[in-house]
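Please look over the sequence and the model shown here.

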Amino acid sequence: MIEEVVVISPRGFCAGVARSVKVVEDCLRIFGAPVYIKHAIVHNKTVVHDLEEKGAVTVESVSDIPRGSIAIFSAHGSPPAHYAEARDREIRVIDATCPLVAKVHIEMHKFLKDGYRVVYIGHKGHVEGLGVIGEAQQYGQEIPVIESVDDIERLPYGAEEKIAMLTQTTLSIDETRDLMKALHKKFPMIIEAPAQDICYATTNRQQAIRALAEEVDIVLVVGSQTSSNSKRLQEVAQQKGCLTYLIDSAEEIKKEWFSGVKKVGITAGASAPEYKVQEIVAQFVAGGAKYREVEVIKENIYFTEPIELMKIKNGGI
């Protein structure tokens with residue numbers, strides 16, 4: 001019988017996700033439905049579904065947005081070509097790019113402008129990376145994406161070349177550190193951004209789940225399979241030797257997971273809504289488990305809304 005459910009904090013929405021979801025809700029209130037979103041606003045199917053129920057329409061390319069419409073560009077960031085295409089189609093863009101992702105875009109510009117070859121540690125094909133790498137088009141440079149030490153060994157650069165590294169914001173801290181060490185070993189002159197690119201929420205949630213995995217028998221990570229940061233949470237707990245499942249909702253829980261289990265741990269990825277966590281907690285509590293909340297790190301980060309939206313709210317056109 002499950003005796004206790006331990007819910008860890010911080011979990012769930014980070015400041016960037018909370019900002020992006022509010023942008024969509026504000027635009028629906030101001031402009032009315034439909035409001036178009038280029039790419040899923042965040043990588044969580046519950047959040048996307050809830051917003052679509054309110055009138056948001058998710059598309060994958062600018063060409064799918066009707067001319068002259070209101071469009072929100074997702075939290076993951078977009079390449080400059082998408083903004084140019086939107087202007088050509090007279091689409092009014094509200095940019096919901098997470099400020100911490102925008103920071104990596106700015107760093108890419110700076111390094112390329114200063115004559116560096118840039119390598120990007122991230123998941124090949126991930127939408128965040130595609131946006132960052134898209135910044136290099138105007139400089140005519142191909143940006144290699146590094147997922148493994150083998151990728152590093154294949155880089156054709158000399159040890160003395162000017163090389164800089166950037167990273168996706170939602171990576172595993174430990175794996176990224178190993179790749180950065182390998183890059184430093186092969187290219188002793190390589191430089192990094194002044195502040196790490198992996199975001200505070202990713203770092204904090206990974207630290208919290210490590211603590212959680214040490215005191216429970218099984219961990220449930222609330223989040224979608226499309227969410228990079230949620231999948232990294234699952235991996236971190238598994239690396240601590242704890243049985244871990246990534247689920248979107250209570251409906252996905254299977255009884256056979258809990259044979260011999262007394263303590264269940266719960267956390268949530270940075271794009272997972274809190275009400276899904278509480279539905280899962282309620283299911284265990286209804287079965288007789290005690291509830292305990294543990295705060296590992298206190299978060300008080302807040303991002304201001306996009307400048308385009310502030311202008312609209314202040315009476316701008």
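In this predicted model, helix α2 covers residues 45-54, and its buried residues are T46, V47, V48 and L51. Buried here means under 20% relative accessible area. The cover over these residues includes α1 (15-31), β3 (56-59) and α10 (274-286).

Both ends of α2 can be described. After α2 comes G55, which has a positive phi, near 120°.

The pockets come next. The largest pocket has a volume of about 220 Å³. Its lining includes M1 and I2, together with A250, I253, K254, K255 and F258. Q283, F284, G287, G288 and A289 also belong to the lining of this pocket. By type, the lining of the largest pocket is made up of 7 nonpolar, 3 polar and 2 charged residues.

The second largest pocket has a volume of about 170 Å³. Two elements, β8 (163-167) and α7 (173-186), each supply at least two residues of its lining. Which element gives the most to this lining? It is α7, with 4 residues. Among the lining residues are M165, T167, I173, T176, R177 and M180. E192, A193, A195, Q196, D197 and I198 line the second largest pocket as well. The lining of the second largest pocket divides into 6 nonpolar, 3 polar and 3 charged residues.

Conventions:
Residues numbered from 1 in each chain as written. Predicted model: local features only at pLDDT ≥ 70, side-chain atom pairs only at ≥ 80, totals over all residues. Heavy atoms only, no water. 1 Å grid on protein atoms, 1.4 Å probe; cavity = no way out; pocket = protein on both sides within 12 Å on 5 of 7 lines; lining within 4 Å. Points joined across faces, edges and corners; volume = space filled by probe spheres on them. Nonpolar A, V, L, I, M, F, W, Y, C, P; charged D, E, K, R; others polar. Buried < 20%, exposed > 50% of the residue type's maximum accessible area, 1.4 Å probe, protein only. Contact = heavy atoms within 4.5 Å.
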